[in-house]
Structure formats: C-alpha cells, structure tokens
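Here is a short report for a reader new to this structure. Please look at the sequence and the model before reading on.

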Amino acid sequence: MAGKLKITLVKSTIGAVPRNRKTVEAMGLRKLHKSVIVPDNKATRGQLQQISHLVEVEEI
C-alpha cells in the first residue's frame, strides 16, 4: 500500500448524501470525469469505501 491511486469521478454527487458529497470534494474532485492522484494509505482507502459508488479507482 505504498503506491498511488488515480481516482476519477464517474457519477454526479447531485442527490448524494451530504457526507458523501463532502468526501468527494475533500478528495479534490470537482467535476465529472476529472481525476486526481492521491497516496494509497488507510485514510484514503476509508474515504474510497464511502464513495465507491461514485468513483472509479486505478492503481498507479
């Protein structure tokens, strides 16, 4: 778990639970089909577990 993850927002946060919406924004995702690269650690994995239905994850 020392690598990096590429996270892409594939589903809109409109209608999502406010907690999930804030998690997506905290990860740096602002628009659909935009990607961010984040470190692969336990905190990131926990966030991804909450919003797995909104994002697509690739290991780099």
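Where does Asp40 lie? Asp40 sits in the loop between β2 (35-39) and α2 (42-50). The model is a predicted one.

**Confidence**

The protein has an average pLDDT of 94. Of the residues, 97% score at least 70. Confidence is highest in strand β1 (residues 4-9), at a mean of 97. It is lowest in α2, at 95. Where pLDDT is low, predicted coordinates should not be read in detail.

**The salt bridges**

Is Asp40 buried or exposed? Its relative accessibility is 9%, so Asp40 counts as buried. The cut-off for buried is under 20%. The side chain of Asp40 makes a polar contact with the side chain of Arg45, at 2.8 Å. Asp40 and Arg45 also form a salt bridge, with their closest N and O atoms 2.8 Å apart.

The side chains of Arg45 and Glu59 meet in a salt bridge, at 3.7 Å from N to O. Glu59 lies in strand β3 (residues 55-59) and Arg45 in helix α2, so this pair ties together parts that are 14 residues apart in sequence.

How many salt bridges are there? The count comes to two. The network of salt bridges links Asp40, Arg45 and Glu59. The table gives the accessibility of each residue.

| Residue | Relative accessibility | Class |
|---|---|---|
| Asp40 | 9% | buried |
| Arg45 | 33% | partly exposed |
| Glu59 | 65% | exposed |

Why does Glu59 count as exposed? Glu59 has a relative accessible area of 65%, and exposed means over 50%. Arg45, at 33%, is partly exposed.

**Helix α1**

Now to another helix. Which residues are buried in helix α1 (residues 18-26)? They are Asn20, Thr23 and Val24. These residues cover an arc of only 100° around the axis, so they lie on the same side of α1.

What do the buried residues of α1 pack against? They pack against β1 and α2. In this way α1 meets α2, the helix that holds Arg45.

The other side of α1 has exposed residues: Pro18, Arg19, Lys22 and Ala26. After α1 comes Gly28. The phi of Gly28 is positive, near 95°.

Technical notes. Residues numbered from 1 in each chain as written. Predicted model: local features only at pLDDT ≥ 70, side-chain atom pairs only at ≥ 80, totals over all residues. Heavy atoms only, no water. Helix = DSSP H or I, 4+ residues; strand = E, 2+ residues; numbered from the N terminus. Buried < 20%, exposed > 50% of the residue type's maximum accessible area, 1.4 Å probe, protein only. Polar contact = N/O pair within 3.5 Å; in protein donor to acceptor, adjacent residues only side chain to side chain. pLDDT = per-residue confidence, 0-100. Salt bridge = Lys/Arg side-chain N within 4 Å of Asp/Glu carboxyl O. Arc of directions from axis to C-beta. Contact = heavy atoms within 4.5 Å.
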